[in-house]
Amino acid sequence: MAQGMASNRNRSASAQEARKVMVVADPTRESAGALQYALAHAVIEQDELILLHVENPSSWRHTISTFLKMPSLGSSTTASLDLGGGGAAADGEGFDFLEEMKHACRVSQPKMKVRVMKVETDGRDKASTILSQSKTHGVDVVVIGQKRNITSALLGYKRPAGGSMKGVKAIDTAEYLIQNSSCTCVSVQRKGQNGGFVLNSKTHRNFWLLA
């Protein structure tokens, strides 16, 4: 893979120091793709993987409705998410998808430490919350799923004055993290079940990685 991208290529458990890899976890197809990429290409068994879910306390109903549409994580390297007839609606809180994602991690990397974190925005925007959490926990790599569009594909976003995204329109969370994170940040777009991934980072744009 291109230098500067998060990759486990040329890494071995005996030769490399452990890293902390944070995957932004949401009940979306994009987040499922980000976890698939991380498990297949960004972590080894001695790393720690953090599943971070940032919740807006006022939007839990939306979280539940989108969770029910979340796809399977099934692939040759991950476990499948069984959404069945239960899931978030069963417990009323919208967090079952995190347990499903954690289970996929356990199947793919049984010896790897996996941690689930649920935080609220607490009046801040999502991107600023993710940046804060990545710094607090000494994260080496942030992986986030992304819906690509013409604007986010062509433009990068710098931190506005004051360090917050408030008042700034049409800023994509993934692009904001790529440009402003002090650690490596990779956005992931899954191209179908067997189409591989399109990756973006601060140094590489639209990098195609075959499945």
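**A loop residue and a buried strand**

Modeller: In this predicted model, R205 has its place in the loop between β6 (197-200) and β7 (207-209).

Colleague: Does R205 count as buried, partly exposed or exposed, and what is its relative accessibility?

Modeller: Buried residues lie under 20% and exposed ones over 50%. The value for R205 falls in between, so R205 counts as partly exposed, at 32%.

Colleague: Which side chain does the side chain of R205 join in a polar contact?

Modeller: The side chain of R205 reaches a backbone atom, the oxygen of S201, at 3.5 Å. Between side chains, a polar contact of 2.9 Å links R205 to its partner, E175.

Colleague: How far apart are the C-alpha atoms of R205 and S187?

Modeller: Along the chain, R205 and S187 are 18 residues apart.

Colleague: Turning to E48, which side chain makes a polar contact with the side chain of E48?

Modeller: E48 is found in strand β2 (residues 48-55) and is buried, with a relative accessible area of 8%. Leaving aside neighbours within four places in sequence, E48 is in contact with R19, K20, V21, K113 and R115. The polar contact between side chains, at 2.8 Å, is with R115.

Colleague: Which residues of β2 point the other way from E48, I50, L52 and V54?

Modeller: In a regular strand the side chains alternate between the two faces of the sheet. In β2, E48, I50, L52 and V54 point one way, and the residues on both sides are buried. Those pointing the other way are L49, L51, H53 and E55.

Colleague: How many bridges join β2 to strand β3 (residues 113-120)?

Modeller: Strand β1 (residues 20-24) pairs with β2 in the parallel sense over five bridges, and V21 stands opposite L49 in β2. β2 and β3 also run parallel, with H53 opposite K118 in β3. The number of bridges joining β2 to β3 is eight.

Colleague: Why is α1 described as largely enclosed by the rest of the structure, and how many of its residues are buried?

Modeller: Helix α1 (residues 29-42) makes a right-handed β-α-β unit with β1 and β2. Among the buried residues of α1 are A34, L35 and Y37. The helix is largely enclosed because, of its 14 residues, the number buried is 11.

Colleague: What distance does α1 reach from its first C-alpha to its last?

Modeller: At 1.5 Å a residue, 20 Å is expected for the 14 residues of α1. The distance in the model is close to that, at 19 Å.

Methods. Residues numbered from 1 in each chain as written. Predicted model: local features only at pLDDT ≥ 70, side-chain atom pairs only at ≥ 80, totals over all residues. Heavy atoms only, no water. Helix = DSSP H or I, 4+ residues; strand = E, 2+ residues; numbered from the N terminus. Buried < 20%, exposed > 50% of the residue type's maximum accessible area, 1.4 Å probe, protein only. Polar contact = N/O pair within 3.5 Å; in protein donor to acceptor, adjacent residues only side chain to side chain. Contact = heavy atoms within 4.5 Å. Pairing = 2+ DSSP bridges. Right-handed = clockwise from strand over helix to strand, strands pointing away. Expected span 1.5 Å × (residues − 1).
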